[in-house]
Amino acid sequence: MKFFLTTGFLLAAVAVALGAFGAHGLKPKLSIEQLQTYETAVKYQFYHVYALIVVGILMQIFPNLKLALAGDFFLTGIILFCGSLYFLACKDLLGLQSISKFIGPITPLGGLCFIIGWVILFVKVLRM
């Protein structure tokens with residue numbers, strides 16, 4: 001439970017920093033489409049940071065729910081979904097355009113992790 005809380009708080013701080021960096025440092029260097037992709041990554045990171053924090057709180061209140069798997073899926077989703085979008089938005093700046101063919105298919109896997117995490121929460125709370 002403490003892991004999901006502390007990880008959520010840390011990733012929230014990272015999301016704020018990445019959002020500010022995108023708005024101020026990357027704005028003149030990325031296309032509008034790339035900036036939109038980057039902003040999508042920041043938004044989804046924030047949404048799922050809240051999910052991690054909720055998992056941590058629920059684990060403390062209801063230890064019998066065994067919600068760690070939901071938290072694991074949210075964390076994996078942040079890494080895969082958001083991480084791949086950050087990379088795809090900045091691939092030209094990084095000079096790594098050729099690797100984007102490998103990274104692109106990772107994004108939907110991260111989205112699937114988000115969905116699975118939410119479904120696990122739904123089922124566990126439904127069975128309370």
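Guide: One definition before we start: helices here are DSSP runs of H or I with at least four residues, numbered from the N terminus. Keep in mind too that this is a predicted model.

Visitor: Fine. What is the order of elements from the N terminus on?
Guide: The secondary structure has five helices and zero strands. Read from the N terminus on, the elements therefore go, by the DSSP runs, as α-α-α-α-α.

Visitor: What box do the C-alpha atoms fill along the principal axes?
Guide: There are 128 residues in the protein, and buried ones make up 41% of them. Along the principal axes, the C-alpha atoms take up a box of roughly 50 × 25 × 20 Å.

Visitor: Let's go inside. Is Gln45 buried or exposed?
Guide: Gln45 is found in helix 2. Leaving aside neighbours within four places in sequence, Gln45 is in contact with Leu11, Val14, Ala15, Leu18, Ile78, Cys82 and Tyr86. The cut-off for buried is under 20% relative accessible area. Gln45 has 3%, so this glutamine is buried.

Visitor: Ala15 is on that list. Which residues does Ala15 itself contact, leaving aside neighbours within four places?
Guide: Ala15 sits in helix 1, residues 2–26. With a relative accessible area of 0%, Ala15 is buried. Leaving aside those neighbours, Ala15 is in contact with Val42, Gln45 and Phe46.

Visitor: And His48, what does the polar side chain of that residue have 2.9 Å away?
Guide: His48 lies in helix 2, residues 32–61, and counts as buried at 5% relative accessibility. Beyond four places in sequence, His48 touches Phe74, Ile78, Phe114 and Trp118. As for the polar atom of the His48 side chain, 2.9 Å away lies the backbone oxygen of Tyr44.

Visitor: Now the helix geometry. Where is the kink in helix 3 centred?
Guide: Helix 3 covers residues 68–94 and bends by about 40°. Just after helix 3 comes Gly95, with a positive phi of about 70°. The kink itself is centred on Leu88.

Visitor: On to the outside. How much accessible area do the residues of the nonpolar surface patch have together?
Guide: The protein exposes about 7500 Å², and carbon and sulfur atoms supply 72% of that. The patch is formed by Ile57, Ile61, Phe62, Val125 and Met128. Together they have about 440 Å².

Visitor: Last one: is Met128 buried or exposed?
Guide: Met128 belongs to the nonpolar patch and is placed in the segment after helix 5. Exposed means over 50% relative accessible area. Met128 has 51%, so this methionine is exposed.

Technical notes
Residues numbered from 1 in each chain as written. Predicted model: local features only at pLDDT ≥ 70, side-chain atom pairs only at ≥ 80, totals over all residues. Heavy atoms only, no water. Bend = angle between axes of the 7 residues up to and from the residue. Helix = DSSP H or I, 4+ residues; strand = E, 2+ residues; numbered from the N terminus. Buried < 20%, exposed > 50% of the residue type's maximum accessible area, 1.4 Å probe, protein only. Polar contact = N/O pair within 3.5 Å; in protein donor to acceptor, adjacent residues only side chain to side chain. Contact = heavy atoms within 4.5 Å. Patch = residues over 30% accessible without salt bridge, like charges linked within 9 Å, V, L, I, M, F, W, Y side chains within 5 Å. Areas by Shrake-Rupley, 256 points an atom, 1.4 Å probe, with all protein chains shown as cover. Salt bridge = Lys/Arg side-chain N within 4 Å of Asp/Glu carboxyl O.
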